[in-house]
Structures are given as structure tokens and as C-alpha cells.
Amino acid sequence: MLHNGLRRFSTLVIALMTLALSPQTFAADDASRLSHFKLENGMEVLVIPDHRAPVVTHMVFYRVGAADETVGKSGIAHFLEHLMFKSTDKIPSGEFSKIVARLGGQDNAFTTQDATAYFQRVAKEQLPRMMELEADRMVNLRLTDKEVQTERDVILEERRSRIENNPSALFGEQMDSVLYQNHPYRIPVIGWEHEIAQLSRQDALNFYKHYYAPNNAILVVAGDVTADEVKALAEQTYGKLPPVDGITNNRFRPKEPPARAPRRMTLEDPRAGQPSIHRYYVVPSYRTAGNGDAEALDVLVKLLADGSTSRFYKKAVVEERIASSANGYYDSGGLDSGKIAFYAVAQNKAELPKIEALLDRLIADITENGVSDSELKRAKSAYIADYIYESDNQATLARRYGWGLATGLTIEDMQAWPDRIRKVTSEDVKRVAAKYLDPRASVTGTLLPKERATASDGKTSAPPPKSRS
């Protein structure tokens with residue numbers, strides 16, 4: 001299951017029939033089939049009909065994530081996500097997923113910094129049952145001390161296996177903690193080990209009772225349904241749940257101070273593979289950016305570092321052969337900010353300064369000269385094509401719109417995205433490169449393999465200094 005706090009979602013299987021759709025044709029079709037409304041208790045509902053197969057994707061997003069946690073309680077959002085699969089008065093402990101499986105469906109969940117989501121994919125006739133199950137655990141979760149202790153041990157083991165035993169994951173965690181100086185994005189979604197170990201049943205219930213409520217949730221149903229069918233079912237299940245006072249969509253979090261100096265870090269680990277170099281920048285997200293900046297950043301990263309046709313890859317890997325891989329991405333979906341990351345795996349440690357200097361030259365060239373029309377066209381076309389292809393999958397659509405609504409975007413924002421990408425110019429790319437790829441807003445890190453000292457290599461540890469009395 002995806003109970004691991006994923007921040008970025010994998011691209012799902014693309015259906016070939018979408019190739020026949022032009023962007024304009026699809027956008028019109030997409031807009032015509034969406035229905036968006038609220039129940040009387042404040043629960044937001046989005047319906048995306050898709051009648052090609054008698055299946056539905058049912059998702060519930062909560063407007064709460066790891067960045068909303070109380071100081072000292074890191075990991076509680078992810079912990080609660082696990083505990084949501086325990087018991088209610090109607091569902092025995094651990095039976096939720098088994099019920100879904102017996103009905104021929106699949107279910108899962110994920111926690112991020114900004115939202116938590118639960119989803120099932122089932123045959124159309126099982127949708128009423130999914131709504132009953134999800135509405136029940138929205139307000140009737142029952143936790144025992146034994147369940148909490150057992151699941152806490154599971155998460156501690158998950159952290160050990162996924163983070164502590166993975167040098168790349170440890171490195172990324174440390175990079176984020178240096179990049180964000182004040183904002184809770186600096187704290188890992190899974191939590192710090194010493195704080196996870198102290199999480200209690202009462203911590204989980206406090207978090208649950210405060211944030212899990214219909215007026216803090218978004219229901220998304222995509223598939224072989226109509227808006228009227230979903231509305232009737234939602235009113236019979238979710239609509240009967242009382243709203244919780246005190247929940248607000250204006251989530252107040254600490255802000256980042258002005259960036260004043262670039263930061264650097266190095267992690268050495270005997271388990272690391274080839275030496276690698278990484279550069280992170282704090283940048284606006286789609287929610288926080290203005291004047292088309294997020295779209296221009298998307299295009300900038302695409303042509304600079306995303307894939308084998310990018311400038312970074314061609315220079316570092318193909319032409320100069322100082323790296324075995326080079327890539328980058330724009331993490332653009334944050335409620336409060338986004339992140340741009342560039343990284344490369346070096347042939348050897350001596351090449352790392354050359355790779356860093358090359359990346360700096362490539363960025364400087366764009367800030368001074370912009371990009372060519374052919375590069376710009378290729379980057380924009382690739383992004384729009386990906387958008388269209390992914391839109392043919394009902395689960396992808398449910399995630400796209402649910403995530404956007406949970407993080408402050410409107411449906412209009414999301415539907416207008418292809419047109420806004422088309423409007424990005426070379427001057428826009430040049431402008432955002434100069435504005436946001438500021439070294440003062442960055443951290444540069446290297447992940448290096450560290451040789452293990454052995455008795456046979458003649459190396460010994462220095463004796464500890466004598467204490468002064």
C-alpha cells in the first residue's frame with residue numbers, strides 16, 4: 001500500500017485512443033463533463049463521468065497534511081492514515097481493505113505535506129458500499145492502545161527500511177531540512193524517528209477529531225456515473241455527517257525568511273553508489289505564483305533538465321561525458337511553495353565540481369539569452385501532450401482535480417493550464433530563471449560513497465582526547 005507519504009505521483013498507463021484528440025477538443029470535453037457542488041454540511045463534491053467501462057474511482061481528500069502537524073508531533077498525519085484502516089463500530093480491525101478486495105476492488109491511501117487521500121477503484125455497483133465505508137471511518141474511527149502500538153512499530157520499521165537504510169532517501173531528507181529554514185516542509189512526511197516513537201493513541205485521536213470532517217473533505221468520483229447519481233448517494237452517506245466547528249481552509253503556517261545566502265551540505269555513506277550532486281531551489285508553486293510564473297518555470301525545467309533532450313543531459317552526459325545521468329524536476333503542487341531540483345550522477349568524485357560549474361553556466365546562459373524557439377516549442381508540446389494523454393485515465397483525473405482543490409486551485413485554473421503553457425514565451429523563461437534560480441534560495445548537496453575502514457587496510461581510529469580535570 002502507499003502508506004509512505006509520497007509527494008509526487010507516478011504517471012499512469014496512457015490509453016492510445018487519446019492520440020486522436022486535439023488539445024482544444026479534449027479541453028472542451030473535459031470541461032463539459034465535470035460537476036462540482038457542495039453538500040449542506042460543507043463537503044465538496046466533484047464528479048467526472050466516464051462511461052467507457054462500468055468502473056469508478058472513489059477518492060476522499062482531506063485538507064490536512066504533515067505540514068499542519070503540531071510541533072514535536074512529526075509523522076502524526078501519516079500515522080493516522082495507517083490507523084484509518086483499523087476499526088470502527090461497524091468494521092472489525094484490519095477489515096476495511098479486505099472488504100474492498102472481496103468486492104473485487106482495490107484501495108489505497110497516501111499522505112503528503114499538504115493533503116491526505118483515501119481511494120478505491122471498484123465496479124460501478126459497489127460505489128454505494130464504498131461511500132458507506134468511507135463515511136463511517138470519517139467520524140467513527142475506534143482505536144485501541146494495542147492497535148496504536150502495533151501500527152507505530154510498523155511505521156518505525158517503515159522509516160528504517162525506506163529512509164534509514166536508503167542513502168538517497170536520507171540525503172533528500174537532509175537536503176529539505178537545509179533548504180527550508182522555517183517552513184514545516186523541512187520536516188519529513190513520515191516524521192523524525194524519535195518523535196514517531198512517542199506518538200500516542202490520544203495524539204492520533206486529537207488530530208483525527210480536529211481535521212477529519214465532511215467540511216474539511218473533498219469527494220471525487222470519476223467513472224461510469226452521473227452527477228445526479230453521485231449527489232444522491234453522497235447525501236445519503238456523507239451528507240448525514242455533522243460538520244466540525246473550528247475547521248478553516250485558511251491554514252496558517254510559518255513563513256520562510258528572505259533568502260540571504262546559498263547553503264551547502266555533504267553526506268557520506270558507505271552504502272551510497274556513484275557520487276552525485278544535487279541543487280534545490282525554493283520557488284513558488286502554482287497556487288502561490290503570479291503572472292504565469294509557474295507555467296514558465298515548468299517550461300524552463302523541461303527544456304533545461306527534464307529528460308535526454310534537455311540541455312543539462314546533452315551537455316553533461318552526451319557531450320562532456322562527466323555524468324552518467326542528469327535530470328531535474330519542478331515540484332509545483334505545494335500549498336505554500338514549490339521546489340526545483342537538479343541532479344546528476346558523476347563518473348567519479350573529481351567530476352562533481354565540473355558538473356556544478358556546467359549547471360551554473362547553463363542557468364546563466366538562459367538568464368542572459370533566453371531559449372530558442374525550437375526548444376520552447378518542443379518543451380511546451382511535450383507538456384501539453386502529457387496532460388492530454390494522462391487525462392484519458394479516470395484515476396489520474398480524480399487525483400489531478402482532487403489534489404488541485406485540496407491545495408487551493410480552482411477547476412478553472414486546472415482546465416486553463418494547457419492554454420497558459422502555450423502562452424509561455426522565451427522572455428518569460430528568461431525572466432523566471434533570473435528571478436527564481438537565485439543561489440541565495442538554494443542548497444547544493446553531494447552524496448558520496450564512503451569507504452569502510454577495516455583492520456586489514458592499516459587504518460585505525462584516533463584515540464579520544466583526554467579529559468581535563
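Modeller: Two strands count as paired if DSSP finds at least two bridges between them. Strands (E, at least two residues) and helices (H or I, at least four) are DSSP runs, numbered from the N terminus. The model is predicted: local features need pLDDT of at least 70 and side-chain atom pairs pLDDT 80 or more, while totals for chains, interfaces and linings use all residues. Residues are numbered from 1 along each chain as its sequence is written, and side-chain values use heavy atoms, without hydrogens or water.

Six strands make up an open sheet with mixed pairing, in the order β1-β2-β6-β3-β5-β4. At its edges are β1 (35–38) and β4 (106–111), each of which pairs on one side only. On average, neighbouring strands of this sheet are turned by 15° against each other, direction ignored (axes are lines fitted to C-alpha atoms, for helices over the stretch in contact, and angles between N-to-C directions run from 0 to 180 degrees). Helix α14 (residues 394–406) packs on this sheet and touches β1, β2, β3 (55–62), β4, β5 (116–123) and β6 (217–223), contact being heavy atoms within 4.5 Å. The direction of α14 makes about 20° with that of β3.

Why is β3 largely enclosed by the rest of the structure? Seven of its eight residues are buried, so the strand is largely enclosed (buried is under 20% relative accessible area, exposed over 50%, partly exposed in between, with a 1.4 Å probe and protein chains only).

Within β5 lies Tyr118, which is buried because its relative accessibility is 0%. Tyr118 and Val60 are 58 residues apart in sequence, yet their C-alpha atoms are 5.4 Å apart in space. The side chains of Tyr118 and Tyr212 are joined by a polar contact of 2.7 Å; such a contact is a pair of N or O atoms within 3.5 Å, where within protein one must be able to donate a hydrogen and the other to accept it, and residues adjacent in sequence count only if both atoms are side-chain atoms.

There is also an open sheet of five strands, again with mixed pairing, in the order β7-β11-β8-β10-β9. Its edges are β7 (263–269) and β9 (323–331), and each has a single partner strand, so one side of each is left without a neighbour in the sheet. Neighbouring strands here are turned by 15° against each other on average, direction ignored.

Strand β11 (residues 442–449) contains Ser442. With a relative accessible area of 2%, Ser442 is buried. Its side chain reaches the backbone oxygen of Pro439 at 2.6 Å. Leaving aside residues up to four places away in sequence, Ser442 touches Leu179, Pro262, Arg263, Arg279, Tyr280 and Tyr281.
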